[in-house]
Amino acid sequence: MEGVGKDFLEKLQAVARETGTPVLVIDLEQVRRNYRRFQQLLPRVQIYYAVKANPDPEVVRTLYQLGASFDVASLPEFHLVRENIKHLLPAQQQEFIWDKIIYAHPVKMVNTLHELEPYKPLVVYDNYDELDKIKKHCPSAGLILRLEVPNEGSVVNLSSKFGASYEDAVAMVVRAVEMGFTVEGLSFHVGSQCTNLDNYRRALSLSSRVFQEVSRRGIRIGNSRTGRRIMDIGGGFPAEEYAPGSISFEHLAESLKGMMKELFPEETEFIAEPGRFLVANAGTLVVSVIGRAFRHGKVSYYIDDGLYGTFSGQVFDHQIYTLRAFRPGPVEKCTVFGPTCDGLDTVSPHMNDAAYPAARLPRMEPGELLYAMNMGAYTLASASRFNGFPLARVAYLNR
Ligand SMILES: Cc1ncc(COP(=O)(O)O)c(C=O)c1O
């Protein structure tokens, strides 16, 4: 994240003073930088922001203003994106939904399909029952078939839950076409926070084989409007801050470009669904120390956000966020607890495990502030109000 320094820290403290804590401070300029970097390094790929990573309306609006497309996985996410196009004429709104929204959840509820039907949406499927459901409740949809691909080494594994196997994929395209659908393309997801380039290589090569086999059988896969087939390379692009020293996005993008060129015809339309890459390093959480206790010679702090709140990413997204003090001073190992009554609500344990390290902070006084960076993805998105504690507020820099 750029701009870390005295100025940035002063801004965080000023925001916290103004709004109170806990507050997730989202730097919208950092979101813009991430978007432009992706665009610059993978110019052939249309960016569909995966709203689930951070469904904050200002983040969605910022990306909309940059010309982004969107990956939604629920009706509320779909409507959140639609909020941005309400000023357009109905025909333009329809155009946007066709061109710039993918409903990427392969298993949809019936009422969702009903509600999507008037929009002729682009939706994902990966099983026969879903095809029957779509036929009955949303027959206007264009389809993308999601493939099961290796997720080896990715921090969040999605391969056991979604994706048609190579053996089933061709028959599933054939069935959809026989049912009168247009299959517009294929998709996959290599797992979130994927630093294993081989996952992308194997997924792209598998997709290319499915395209070839389908076409050998005389069946056309193609976008109903442009005629070009869509290759959706999913999400998974790692936030470099979570894996320092591993693959850079420059290297990943260069390799992907090579594979896309080698394995697919020129007219292929590439799209991607980055979530974390666009937002992870744009969010910094500021919290207050609400209490302190000394037990067995060790110091514990209680803060006003925890595992049931914005730190839920430590549970669901398997990331550990480092708490820092705003002032210098000799640090000591300490335990940090969230605000709820549950013992699980431990932000930093006292034991020092490489995977779950203890916090190291100067001696803090109740009322003082702490911050944790790189908390823009899969944090507030999965927070709950357990024990009655409200969600963190959100504030913006560079709106
Ligand atoms: C279908 C789909 N697309 C995109 C994403 C975003 O993934 P990431 O944040 O790893 O880029 C996810 C995340 O779960 C997903 O399920």
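Q: Let's start with the layout: into which domains is the protein divided?

A: This is a predicted model, so keep that in mind throughout. The protein splits into domain 1 (28-279) and domain 2 (281-397), and the bounds come from an automatic or database domain assignment.

Q: How far apart do the C-alpha centres of domain 1 and domain 2 lie?

A: The distance between those two centres is 34 Å. For the interface itself, look at contacts: 19 residues of domain 1 are in contact with 14 residues of domain 2.

Q: Which elements give two or more residues to the side of domain 1 that touches domain 2?

A: Those are helix H2 (28-41) and helix H11 (276-279). H2 supplies the largest share, five residues. Sorted by class, that side of domain 1 has nine nonpolar, four polar and six charged residues.

Q: Now a helix. How many residues does H1 have, and how far does H1 reach?

A: A quick check on a helix is its end-to-end span against the one expected at 1.5 Å a residue. H1 (residues 6-19) has 14 residues and reaches 20 Å from first to last C-alpha, close to the expected 20 Å.

Q: Which residues of H1 are buried, and which are exposed?

A: The general idea is to count neighbours: 20 or more other C-beta atoms within 10 Å makes a residue buried, and 12 or fewer makes it exposed. In H1, the buried ones are Leu12, Val15 and Ala16. Seen down the helix axis, the buried residues of H1 fall within an arc of 100°, so they line one face of the helix. On the other side of H1 you'll find Lys6, Asp7, Glu10, Ala14, Arg17 and Glu18, which are exposed.

Q: What do the buried residues of H1 pack against?

A: They pack against four strands: S1 (23-27), S10 (283-295), S16 (369-372) and S17 (393-397).

Q: Which residues other than glycine have a positive phi?

A: Gln193 and Asn387 are two to look at. Gln193 isn't a glycine, yet its phi is positive at about 55°. You'll find Gln193 in the loop between strand S7 (183-187) and helix H9 (197-216). Asn387 has a phi near 70° and belongs to the loop between S16 and S17.

Q: Is Lys52 buried or exposed?

A: Lys52 is buried, because 21 other C-beta atoms lie within 10 Å. Lys52 is in the loop between strand S2 (45-50) and helix H3 (57-65). Setting aside neighbours within four places in sequence, Lys52 is in contact with Ala73, Glu77, Gly275 and Ala381. As for sequence and space, Lys52 and Asn157 are 105 residues apart along the chain and 16 Å apart, C-alpha to C-alpha.

Conventions:
Residues numbered from 1 in each chain as written. Predicted model: local features only at pLDDT ≥ 70, side-chain atom pairs only at ≥ 80, totals over all residues. Expected span 1.5 Å × (residues − 1). Arc of directions from axis to C-beta. Contact = placed C-beta atoms within 7 Å. Nonpolar A, V, L, I, M, F, W, Y, C, P; charged D, E, K, R; others polar.
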